[in-house]
Amino acid sequence: MGWCELAHTETTMHWRQFVMDLGTLNPERVEAILARNGAVSITLSEGGDDLVLEPMPGETPLWADTRISGLFPPDADLGDLSDDLKTTLGLTALPTHHFESLSDRVWEREWLKYFRPLRFGRRLWVCPAGMRAPVADSVTIKLDPGLAFGTGTHATTALCLEWLDAQDLRGRTLLDFGCGSGVLAIAALKLGAAHADAVDIDPQAVLAARRNAESNAVTARLVASERVPAADVRYDVVIANILAEPLLHNAERLAHHVDAGGTLAMSGILAGEVERVLHAYREWIEFDRPAYRDDGSQTWALLSGRRQGS
């Protein structure tokens with residue numbers, strides 16, 4: 001999910017893995033702690049067998065007995081990880097867990113075994129490299145998240161892809177703010193946009209977006225960068241799939257990147273945060289009705305509307 005999605009690496013080495021039973025713990029909170037302690041891959045499983053990278057929209061992602069695994073470089077301090085988990089989650093002791101060493105493998109490729117072609121809207125498909133959409137006349141994105149996840153299976157990314165599929169993007173310019181793997185910018189270009197700027201504060205995400213642009217033959221029309229465009233640069237479409245707090249913090253900046261009569265679309269917003277975000281942007285944007293998507297115990301929203309005035 002843009003700026004919040006997990007980082008991966010191509011380097012082949014001996015890895016260390018942390019495995020813990022989740023019990024009643026919130027998986028997203030645990031994932032966030034593992035990520036900030038240097039996890040390069042995170043998976044959920046039942047009994048350590050059936051992997052789930054991200055649930056399909058509307059599905060419940062967890063089993064009755066769910067286990068989380070985090071893959072770490074060999075120099076990672078897993079003692080610090082244990083302390084962080086206990087402190088952040090308010091635990092005196094961790095649930096059943098263990099550490100293990102893993103032999104060399106190109107782990108960046110492992111997720112591909114579980115990623116299949118996915119459809120968004122009427123014509124848009126996201127497929128791993130080497131796979132094809134199962135229908136003719138589809139608009140297909142060949143996606144290899146590489147150094148940053150962003151496959152489209154998270155509810156917020158799915159909402160954004162479905163929204164893009166429903167737009168007339170022919171000849172339009174687009175800013176993807178918090179681009180992650182670049183899937184949204186690439187989708188817009190494949191759907192007819194003339195040019196897209198993809199921006200992310202994570203240099204690994206920018207690298208992944210550039211690689212995915214090359215795989216989809218849109219490099220000439222996509223610029224991926226860590227640098228936010230100058231304040232006076234405007235676009236026909238601005239899309240931001242991040243979280244409510246950075247959307248609130250960047251409200252004026254994002255609104256001013258939308259050209260008069262242009263469109264702004266935002267996701268990464270929980271249902272309970274919708275009114276705050278709407279209020280922050282109402283000075284500039286006339287919003288349509290929000291779109292919602294349930295994802296397990298959470299409901300996410302997509303807000304879209306048009307820029308008013310000059």
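In the predicted model, R306 is partly exposed, with a relative accessibility of 32%. The side chain of R306 forms a salt bridge with that of D288, at an N to O distance of 2.7 Å. Because R306 belongs to strand β16 (residues 298-307) and D288 to the loop between β14 (285-287) and β15, this pair ties together parts of the chain that are 18 residues apart in sequence. D288 is likewise partly exposed, its relative accessible area being 33%.

The pair formed by R306 and D288 belongs to a set of seven salt bridges. In general, side chains of opposite charge can pair when their charged atoms come close. A further salt bridge joins the side chains of R293 and E162, with 2.6 Å between N and O. This pair connects distant parts of the chain, since R293 is located in strand β15 (residues 291-295) and E162 in helix α3 (residues 155-165), 131 residues apart. R293 has a relative accessibility of 17% and therefore counts as buried, the limit being under 20%. E162, at 27%, counts as partly exposed. The side chains of R67 and D21 also meet in a salt bridge, here with an N to O distance of 3.0 Å. Distant parts of the chain are again linked: R67 is in strand β4 (residues 66-72) and D21 in strand β1 (residues 15-21), with a separation of 46 residues. The relative accessible area of R67 is 22%, and R67 is partly exposed.

The overall architecture was examined next. The secondary structure of the protein consists of eight helices and 16 strands. Of the 310 residues, 50% are buried. Among contacts with a separation of 6 or more, 70% are between residues 24 or more positions apart. The accessible surface amounts to about 14000 Å², and carbon and sulfur atoms contribute 48% of this area.

The largest nonpolar core comprises 39 residues, and L161, L164, L174, L222 and I239 have the most contacts inside it.

Strand β7 (residues 124-128) is mostly covered, with five of its five residues buried. Burial extends to both faces of β7: L124, V126 and P128 lie on one side, W125 and C127 on the other, and all are buried. Strand β7 pairs with two strands considered here. With strand β6 (residues 118-120), the pairing is antiparallel and spans three bridges; R119 has W125 of β7 as its bridge partner. The two strands β6 and β7 make up a hairpin with three residues between them, and G121 in the turn adopts a positive phi of about 75°. With strand β8 (residues 139-143), β7 pairs in the parallel sense over five bridges. In this arrangement P128 is placed opposite L143 of β8.

Among the helices, α4 (residues 183-190) is mostly covered, seven of its eight residues being buried. The buried residues in α4 are V183, L184, A185, I186, A187, A188 and L189. An α-helix has 3.6 residues a turn, so residues three or four places apart point the same way. Helix α4 is followed by G192, which has a positive phi near 115°.

Helix α6 (residues 244-249) includes A244. A244 is buried, with a relative accessibility of 2%. Apart from neighbours within four places in sequence, A244 contacts G268, E273 and V277. The C-alpha atoms of A244 and G268 are 6.4 Å apart, while the two residues are separated by 24 residues in sequence.

Backbone geometry was also considered at A217. Most residues other than glycine have a negative phi. A217, a residue other than glycine, has a positive phi near 55°. This residue is located in the loop between α5 (203-215) and β11 (222-225). A217 is exposed, with a relative accessible area of 69%.

Technical notes. Residues are numbered from 1 along each chain as its sequence is written. This is a predicted model: local features need pLDDT of at least 70, side-chain atom pairs count only at pLDDT 80 or more; totals for chains, interfaces and linings use all residues. Side-chain values use heavy atoms; hydrogens and water are left out. Helices (H or I, at least four residues) and strands (E, at least two) are DSSP runs, numbered from the N terminus. Buried means under 20% relative accessible area, exposed over 50%, partly exposed in between (1.4 Å probe, protein chains only). Contact means heavy atoms within 4.5 Å. Accessible areas come from the Shrake-Rupley method with a 1.4 Å probe; for residues, only the protein chains shown count as cover. Two strands pair if DSSP finds at least two bridges between them. A nonpolar core is a set of buried Ala, Val, Leu, Ile, Met, Phe, Trp, Tyr and Cys residues joined through side-chain atoms within 4.5 Å. A salt bridge is a side-chain nitrogen of Lys or Arg within 4 Å of a carboxyl oxygen of Asp or Glu.
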